[in-house]
Amino acid sequence: MDGQYPPPMPPVNTYYPTYPNAPPPMYPPEPFPPRLHHLQTVSMESLGAYSDYDDPSRAMLPPGQIQPRQRRRQAAGSEHVKHRRTRSGCYTCRQRRVKCDETHPMCERCRKGKRECAYPGETPTSSVSKNSLSSDKSKGSHESTSSTSEDESEEDAKPSLAAIPDDDEDAAEDAPQSAVSEPGRMSGAANVGALPNTAPVAERPSGVPRGVRPQSSRTAWKHSAKPNISQNARWATLPREVKSYLRYHRDCMSYHHYGFKYDAGDFLKTTYLEIAVNDDSAALLYGIVAFAAYHHALTHQTDIISRFLAYYNKSIMLLQQALKKRRHNVATLLTILQLATIEEFLGDWTNLLGHQRAAHQILTDLFTPQTIMQDETRRRIISWYIRFDLFAASMAGTETNLGREWFAACAEFYTSQARERPHDLGATFEKFFSTSRLLATDSTLLFAAKKKNTLSDEQFATEVDNISSQITRFKQLIETVFDEPANFVTVSPHTPPPSAEDDITDFRDAHFLYGGDYFTMNYVLIDFWAIDMMFRNRLATPPSPQVAAQLVEIALKECKMFEAVEHCEQKPPGAILGCQASLGIASLFLPRDRKHTDWCRKKFALIEQKGYIYPAALRQHMSELWGVDVNHWWLPHDLGYPSVVRALRDFVQYRASMPRDALTANVSDMSGIFEAMNLAEETGLEEEELRGSWGSSPEGDGV
């Protein structure tokens with residue numbers, strides 16, 4: 001059986017635990033459709049009650065795949081001494097999770113590694129002058145990467161918690177193979193292309209601390225030094241393909257591939273990987289590898305999703321095994337958030353809700369609003385979870401799972417940080433994002449309370465005035481705070497020339513798109529505009545002609561920003577994925593004529609080509625809204641419909657089940673978004689005319 005591919009899988013019903021009142025299996029025991037017959041997966045719903053979640057931090061793979069990490073034994077008669085962590089080290093060492101000697105003004109590690117060194121409340125210090133940085137940059141990225149690797153090897157020989165260093169020395173050894181028989185085992189049974197070479201990592205700009213640095217549109221996604229995974233004790237035991245996908249995650253993906261707008265401390269490339277590799281968190285490790293395999297298949301159009309499905313299935317099974325035995329911890333929570341992200345990208349919002357509920361249980365068991373902001377890992381966790389919480393509440397038209405105090409704690413923390421470090425762009429960006437999230441929360445809670453009739457008309461009017469004034473003040477702030485001409489960039493010179501037939505905005509505007517260290521402001525704005533639109537729409541349902549005109553104006557700004565980011569030459573990988581949610585909301589308020597509908601269809605197709613698959617319910621709603629059938633694909637004649645996306649859609653459709661309760665039904669149906677939309681409203685354009693813009697088709701409208 002060792003050489004067999006695909007590997008034999010146990011009957012589907014053997015995956016399910018014997019929890020009390022456990023839901024039935026998601027998949028029937030009969031074989032998969034031909035394209036997907038080789039793999040079966042487990043729904044998060046099958047894991048049972050969320051109180052049964054245990055600690056997977058020591059979960060190991062089946063024998064013969066990964067050897068247990070060898071722990072040093074305590075000498076006989078010696079007294080165990082618990083390592084005492086300090087919070088007084090510099091930001092860079094704390095983020096890299098290495099011991100800081102706390103030398104002022106620059107610690108020894110930062111001096112050797114030529115990094116920025118900043119202590120709480122102090123101005124960052126650099127051991128490299130601007131001139132030397134410019135000189136190093138001109139020598140090329142390869143030389144810069146090599147010197148970084150040497151510095152890290154010298155200084156990180158014995159870290160208390162192994163940092164993730166460079167691994168150039170074993171890149172050749174760990175090159176991906178052409179086929180895989182199962183996660184971690186190599187076989188020649190299939191002919192699959194190798195992973196691409198990963199890109200070098202650029203240096204951090206001078207004068208910015210690592211923990212809360214500003215973003216640069218060209219290099220922000222790879223500012224951090226290459227994680228030195230190969231120096232970790234467990235690295236040598238990992239299969240070669242697993243190592244390759246970890247490198248792909250580190251070097252070729254950005255935080256936008258997770259739907260994030262900002263990742264101040266490069267959490268996803270540093271601490272996140274450390275937790276997965278160092279803490280024997282096998283479920284988390286294989287969840288990350290699955291997501292890397294997912295994006296690799298989409299980027300390179302391999303037409304093979306078996307690698308992703310195998311690693312995804314392995315992560316679910318390892319999590320399930322671990323939860324039966326141990327208490328949950330941070331690694332458990334991160335694993336569930338990773339799997340929730342995969343479900344979101346697959347377009348399975350019902351399964352996403354199951355993960356979100358589980359994450360809520362663990363989050364509230366482990367932390368409080370006061371303790372969640374105590375270190376960068378916790379802050380990334382709460383930001384990640386809040387994104388799902390607001391997403392589910394908006395889709396279902398209900399309250400958030402977390403109480404308002406959690407959102408307020410985030411906003412208060414980042415507001416305080418921005419006040420203490422007024423010249424730190426990173427702190428300012430975090431303040432803006434947390435303020436937007438709090439406004440979205442207040443709006444969601446207000447309309448949920450009104451829907452349940454728990455507010456009087458007077459109370460509702462008072463709260464509306466309060467939120468409206470906050471939105472107005474915040475809008476004025478973020479639209480003018482960095483409004484100097486030098487902060488803007490033009491789109492790529494390779495952008496298609498202006499077209500009166502296709503363009504719906506003037507996205508080539510030279511005073512619109514932020515660039516360089518201010519690139520993140522584009523996401524601050526597009527996020528806020530979506531919140532503003534939803535608030536205005538829900539406040540005036542149905543909207544008056546004046547409000548409707550305002551909604552169209554904001555929606556066009558959203559589309560302008562999306563297209564400007566799309567054509568920005570300096571954007572990080574996956575940049576438009578960070579805009580997809582705002583684009584979806586904007587599309588609801590655009591004029592329903594052929595030109596705007598065609599534009600939206602092209603952009604929705606582009607988003608799916610990049611890996612974010614929209615659920616069937618949304619495609620159905622958009623078909624009704626536009627008066628043209630996009631249930632099969634966004635464009636006619638399967639134009640731009642990748643076979644890998646088709647296979648992923650088939651997979652999701654096959655395992656889909658009916659929602660199990662009212663909340664999952666509302667999320668699946670997106671009632672919170674569409675309940676205020678009058679889909680029967682006159683579109684102003686007949687379906688035949690819309691079809692005509694794409695050409696005739698022998699089958700309906702060709703999509």
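Colleague: Why does Tyr245 count as buried?

Modeller: Buried means under 20% relative accessible area, exposed means over 50%, and partly exposed is what lies in between, using a 1.4 Å probe and protein chains only. Tyr245 comes out at 1%, so it counts as buried. This is a predicted model, where local features need pLDDT of at least 70 and side-chain atom pairs need 80 or more, while totals for chains, interfaces and linings use all residues. Numbering runs from 1 along each chain as its sequence is written, and side-chain values use heavy atoms, leaving out hydrogens and water.

Colleague: Where is Tyr245 found?

Modeller: In helix H5. Helices are DSSP runs of H or I with at least four residues, strands are E runs of at least two, and both are numbered from the N terminus.

Colleague: How many helices and strands does the protein have?

Modeller: There are 23 helices and 6 strands. Of the 703 residues, 57% are buried.

Colleague: What makes Tyr272 and Trp384 an edge-to-face pair?

Modeller: Rings of Phe, Tyr and Trp (its six-membered ring) pair if their centres lie within 6.5 Å; planes under 30 degrees apart are stacked, over 60 edge-to-face, and the rest tilted. Here the centres are 5.7 Å apart and the planes stand at 70°, so the pair is edge-to-face. The pair links distant parts of the chain, with Tyr272 in helix H6 (residues 271-278) and Trp384 in helix H11 (residues 376-396), 112 residues apart. Tyr272 has 0% relative accessibility, so it counts as buried, and Trp384 is buried at 1%. A search of the whole structure finds 33 aromatic pairs.

Colleague: How do you know that the charged end of Lys314 sits over the ring of Tyr286?

Modeller: The rule wants NZ of Lys or CZ of Arg within 6 Å of the ring centre and within 35 degrees of the ring normal. Lys314 is 5.4 Å from the centre of the Tyr286 ring and is found to sit over it. Lys450 does likewise over the face of Phe460, at 5.0 Å from the ring centre.

Colleague: What makes Asp266 stand out in its phi?

Modeller: Its phi is positive, about 55°, although Asp266 is not a glycine. Asp266 is in the loop between helix H5 (240-252) and H6, and its relative accessible area is 2%, so it is buried. His637 also has a positive phi, near 60°, and is not a glycine either. That residue is in the loop between helix H19 (616-626) and helix H20 (643-655).

Colleague: Why is His637 called partly exposed?

Modeller: Its relative accessible area is 44%, so it falls in the partly exposed class. Val481 gets that label too, at 30%.

Colleague: What is Val481 in contact with, leaving aside its neighbours within four places in sequence?

Modeller: Phe432 and Met521, where contact means heavy atoms within 4.5 Å.

Colleague: Which residues of H15 and H17 meet?

Modeller: Ile526, Asp527, Ala530, Met533 and Met534 in H15 meet Ser582, Ile585 and Ala586 in H17. Helix H15 (residues 521-539) and helix H17 (residues 580-587) pack at about 35°, with axes 9 Å apart; the axes are lines fitted to C-alpha atoms over the stretch in contact, and angles run from 0 to 180 degrees between N-to-C directions.
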